[in-house]
Amino acid sequence: MSQGNYIKKVAIVGATGTVGSFIVEELLKLGKHEITAITRKDSPAASSIPARVKVAKVDYDDESTLVDALQGQEVLIITMHAQAPVETQLKLVRAAAAANVPYVLPNEWGCDMADEALSKEILLGNTEIQVRKLIEELGKSSWIGVVTGFWYSYSLGFGKQTFGMEWKERTWTWIDDGETKMNTITWPQTGRAVSKLLSLPIEPEKEGGPSLSSYKNKFIYVSSFRVSQKDMFASVLRVTGTKESDWKFEYESSAKRFQDAQKQVFAGDQSAFPQFLYSRLWFKDGSGDFEARHGLANDILGLPKEDLDEATKLAIDRAEKGLKYH
């Protein structure tokens with residue numbers, strides 16, 4: 001089919017952020033899209049946006065600036081903090097509808113939000129449900145939710161609250177029996193997934209062929225690794241040359257970890273949120289293993305197989321440096 005069957009113009013919010021920067025990098029590598037970074041008019045981030053990316057400065061309190069920035073765009077990608085105010089996304093969605101942007105990739109990145117009960121239990125679902133509902137009600141755009149699982153290197157290096165490792169103390173906390181499988185992803189794989197998704201033909205070029213339109217108002221599932229804590233620990237031993245005897249072990253149930261963190265979060269202690277979120281996905285109900293329930297789109301998108309130990313090396317480096325931010 002003609003070039004008209006492919007996405008050309010892509011706008012992204014959060015182009016210099018943790019996830020957004022990798023999406024921009026991979027889109028630029030492919031070289032098939034014109035990219036526009038949507039930034040606040042007073043944001044210093046504009047100075048660090050790659051030269052090949054256009055910049056549109058907006059005022060979130062003036063919808064007309066958002067609409068103007070989105071005129072002629074075919075896709076709006078939203079990347080921001082998981083706990084960012086919902087109204088920020090809703091303003092973007094309304095502007096996308098007013099500008100007739102066909103596709104919106106909301107700020108989903110992470111857990112399987114198709115499981116609405118789970119999404120509400122982890123306190124992230126209400127925002128995303130509102131966003132998807134508004135997109136559908138306005139009827140001008142379609143949403144595609146990209147489900148990735150947790151960021152592997154970030155999470156492993158973060159500490160006990162997430163995957164159970166405290167590197168500097170050589171302490172490993174086993175959650176339940178350590179055998180629960182969970183889908184995780186690297187930041188580069190996330191960028192590749194989005195760039196390849198937006199490079200699919202809009203409509204199938206042959207019967208049964210892949211297309212962007214087949215994901216309208218649906219979730220797409222991508223991953224780097226489907227691993228258990230035991231898989232992670234084995235990788236840590238390989239990468240670091242440490243032995244089991246070098247480590248101290250603690251044991252906790254996922255349910256108790258979740259309940260303890262939930263009490264803290266509900267009492268206003270947001271420092272417990274990582275444990276609250278991750279502990280729930282370690283439950284043995286398979287909530288963190290979306291590959292088993294839905295399969296993956298990795299092959300459809302042509303995503304590469306990745307090396308777990310290389311991702312673990314990055315996690316150890318982050319832990320050694322004490323990096324907690326994304």
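Entry 1: I started at Trp174, which counts as buried at 10% relative accessibility. The model is predicted, and I keep that in mind throughout. Next I looked up Trp172, which is buried too, at 0% relative accessibility. How far apart are the ring centres of Trp172 and Trp174? I read 5.7 Å. The planes stand at 50°, so I logged the pair as tilted. Edge-to-face would need an angle over 60 degrees.

**Entry 2: the whole structure.** I then searched everything for aromatic pairs and got 21. One of them is Tyr152 with Phe225. I noted 5.4 Å centre to centre and 70° between the planes, an edge-to-face pair. Which elements does this pair join? Tyr152 belongs to helix H6, residues 152-158. Phe225 belongs to strand S12, residues 225-227. The pair therefore ties together parts 73 residues apart in sequence.

**Entry 3: burial of that pair.** Are Tyr152 and Phe225 buried or exposed? I found 0% relative accessibility for Tyr152, so it counts as buried. Phe225 comes out at 7%, and I list it as buried as well.

**Entry 4: the cluster.** I checked which aromatic cluster holds Tyr152 and Phe225.

**Entry 5: charges over rings.** I turned to arginines over tryptophan faces. Arg170 lies over the face of Trp167, 3.6 Å from the ring centre. Arg132 lies over the face of Trp143, and here I noted 5.4 Å from the ring centre.

Conventions. Residues are numbered from 1 along each chain as its sequence is written. This is a predicted model: local features need pLDDT of at least 70, side-chain atom pairs count only at pLDDT 80 or more; totals for chains, interfaces and linings use all residues. Side-chain values use heavy atoms; hydrogens and water are left out. Rings of Phe, Tyr and Trp (its six-membered ring) pair if their centres lie within 6.5 Å; planes under 30 degrees apart count as stacked, over 60 as edge-to-face and the rest as tilted. Helices (H or I, at least four residues) and strands (E, at least two) are DSSP runs, numbered from the N terminus. Buried means under 20% relative accessible area, exposed over 50%, partly exposed in between (1.4 Å probe, protein chains only). A charge sits over a ring if NZ of Lys or CZ of Arg is within 6 Å of the ring centre and within 35 degrees of the ring normal.
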